[in-house]
Amino acid sequence: MSASERSDEGRPRVVGPQTRPSEARADSIVLAGGRGSRMGGVDKPAIEIGGVSMLATALAAVAGCERRVVVGPHRPDLPAEVVQTQEDPRGSGPVSAIAAGLRELRTDAPLVVILAADMPFLRRDAIEALVTRSAESGADAVHAIDDEGRPQYLVGVWRKKFLLDRLAAIGSPVNLPMKSLVPDHSETVRLEGISDCDTDEDVARAVASLGPPPALDLDGTRSTIRNGLSRLPVRRLPLHDALGAVLAAPVHATQPLPRFDVSAMDGYAVAGDGPWVLRAAVGYAGGTRPARLEIGEAVRIATGAHLPEGSSSVLRDEFATVDGDRLSRLPDTPVRADVRRVGEEWQPGHVLAQAGSTVTPMTVSAAASGEVTEADVRGPVRAHVVVTGDEIRRDGPLREGQTRDSVGPVLPLFLAWCGIRVASDAHLRDTANAFDDLLAAAPDAELIVIVGATGRGAADQLRTALARANARLLVERARCRPGGSQITAELPDGRVVLGLPGNPFAAISTLLISAPAILDGLTDRAPREPFVGPVINADELSGPVTRIVPVRRIEGGKWEGDSSTRTAHLAGLVGRDALALVPPNARALDLVELILLPNQM
């Protein structure tokens with residue numbers, strides 16, 4: 001077996017000896033000081049490569065050690081059996097960190113693994129190879145040699161006694177280089193896959209070495225987003241302020257409707273069969289309730305008025321005749337109650353709106369009828385919209401090499417169509433730290449929508465910035481055209497980043513497909529059934545992956561798609577009613593999912 005192979009995930013995998021002497025017992029110290037000065041102060045051990053943080057990779061590599069100690073800032077997510085400590089003073093160098101780690105090793109294991117948490121492809125069998133060589137040779141230290149022939153002193157196994165003696169001899173360990181610990185005679189082992197990440201370029205190369213992640217089809221993309229995002233916290237809001245939010249609990253009526261017996265028509269409240277003696281009083285909606293009626297009595301009453309006690313029904317104006325104080329029913333008119341009885345619509349406790357449903361104007365109105373003014377909700381979801389690129393200009397005359405921003409001004413309308421409010425917007429220049437500053441800004445929205453920079457070109461820095469921010473990537477690519485380079489990620493503080501392609505048609509298509517799924521995921525909204533329709537030329541539109549094409553409604557409830565669409569602008573959407581998600585191998589008149597366009601806003 002060669003020293004370097006490919007794992008099932010396609011990552012470099014180091015293969016060491018399959019066995020080692022039983023006396024090769026070791027503890028481990030993982031240096032995870034955190035802030036990488038050459039990467040703008042980012043928490044380097046927390047950077048994820050291929051979905052796994054470099055600290056997690058280091059801890060997995062020393063999983064066979066008897067005691068594992070991490071030196072660096074406290075991390076609440078580490079396993080309970082991992083001991084955590086901090087060098088003093090903080091940031092005083094690797095030798096000081098090793099000294100702090102040694103103070104936490106309380107086993108009699110003769111060896112100690114010293115490891116930096118900045119190698120994304122280090123594996124356990126590589127560490128076991130070093131431990132085995134150390135046990136067999138008796139050397140005070142065994143270090144790894146990397147692919148370029150350089151010794152890596154922070155990938156090594158040391159005699160614990162030697163380290164303790166050397167530290168005692170040199171005195172204060174503060175700000176000393178690692179070479180101050182290295183013995184005169186040490187052994188080395190050449191290992192592959194131990195390249196470290198000290199710069200943004202190193203991280204980019206490590207990510208690139210994994211190859212592009214597998215693309216998800218659009219169903220998989222939306223399912224991953226819905227199920228993978230953290231839910232927003234529940235809060236109690238007045239319902240008129242919660243439009244667009246999603247109910248976290250059902251809304252129950254607190255009062256019956258009607259709250260009392262009311263007249264359903266303008267006419268006369270009557271008691272018993274007629275004719276009746278008409279009293280002088282009149283019952284108005286919201287007015288004083290007329291006094292009790294006795295059999296044979298009647299009183300004038302308006303729609304919505306509280307019926308007097310003793311009323312048996314309401315005689316409509318058009319069915320009545322009055323002669324002085326005598327009220328009679330006109331001949332051959334139907335006998336109807338025309339009364340809305342208390343609780344006829346619902347009783348207290350009736351469910352007016354289910355959990356997981358969106359707060360709409362109808363929800364607010366129905367709740368008011370049930371005497372409910374507040375509810376537990378998630379959302380509404382607010383978005384911060386960012387258009388990127390030095391070449392993009394929204395206002396003023398275009399300069400040489402510039403392009404008009406044709407997406408940013410209309411994104412709020414498309415987001416509103418998806419149920420998301422826009423809280424703010426910005427234009428981001430192509431600078432080295434622009435994305436880092438954007439992602440680190442104080443949250444004023446639950447969603448950051450970024451147009452552009454989702455590719456893998458020289459100017460597309462969003463992916464590396466998300467890695468530096470320790471974002472959790474849910475979707476990196478989608479199996480569709482256009483829109484394959486979309487990104488959905490969640491930042492550690494719970495904000496969601498939706499990266500849209502810079503191409504206008506691809507950006508809007510991606511937004512209309514992914515934004516509702518993001519809303520579902522953040523608010524726990526019940527997913528809606530897809531809207532489908534027969535596309536008469538689906539066979540002509542179909543390709544090797546799902547194609548997103550504009551369609552128009554034609555006679556007979558059918559739809560017709562455009563065989564070609566220019567993607568550098570939205571002119572192809574003018575006069576179109578929906579986007580069709582045409583799957584591979586579609587046939588003419590197949591039912592195809594349709595995303596309706598906001599033509600009626």
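Predicted model: local features only at pLDDT ≥ 70, side-chain atom pairs only at ≥ 80, totals over all residues.
## Aromatic pairs

A pair of aromatic rings is described by the distance of the centres and the angle of the planes. Across the whole structure, a search finds two aromatic pairs. In one of them, the ring centres of W158 and F162 are 6.4 Å apart and the planes meet at 20°, so this pair is classed as stacked.

F531 belongs to the loop between α11 (504-523) and β36 (532-534), while W559 belongs to strand β38 (residues 558-561), so the contact ties together parts that lie 28 residues apart in sequence. W559 is buried, with a relative accessible area of 2%, whereas F531, at 37%, counts as partly exposed.

## A surface patch and a charge over a ring

The partly exposed F531 also takes part in a nonpolar surface patch of about 260 Å², which is made by F531 together with W417 and L596.

Elsewhere in the model, R300 lies over the face of Y268, at a distance of 4.8 Å from the ring centre.

Strand β35 (residues 496-500) is largely enclosed by the rest of the structure, because five of its five residues are buried. The side chains of V496, L498 and L500 point one way from β35, while V497 and G499 point the other way, and all of these residues are buried.

Strand β31 (residues 447-451) runs parallel to β35 and is joined to it by five bridges, with L447 standing opposite V496. Strand β34 (residues 487-490) runs antiparallel to β35 and is joined to it by four bridges, with A489 standing opposite V497. The strands β34 and β35 form a hairpin with five residues between them, and in its turn G494 has a positive phi of about 95°.

Note on methods. Residues numbered from 1 in each chain as written. Heavy atoms only, no water. Phe/Tyr/Trp six-rings, centres within 6.5 Å; stacked < 30°, edge-to-face > 60°. Helix = DSSP H or I, 4+ residues; strand = E, 2+ residues; numbered from the N terminus. Buried < 20%, exposed > 50% of the residue type's maximum accessible area, 1.4 Å probe, protein only. Lys NZ or Arg CZ within 6 Å of the ring centre and 35° of its normal. Patch = residues over 30% accessible without salt bridge, like charges linked within 9 Å, V, L, I, M, F, W, Y side chains within 5 Å. Areas by Shrake-Rupley, 256 points an atom, 1.4 Å probe, with all protein chains shown as cover. Salt bridge = Lys/Arg side-chain N within 4 Å of Asp/Glu carboxyl O. Pairing = 2+ DSSP bridges.
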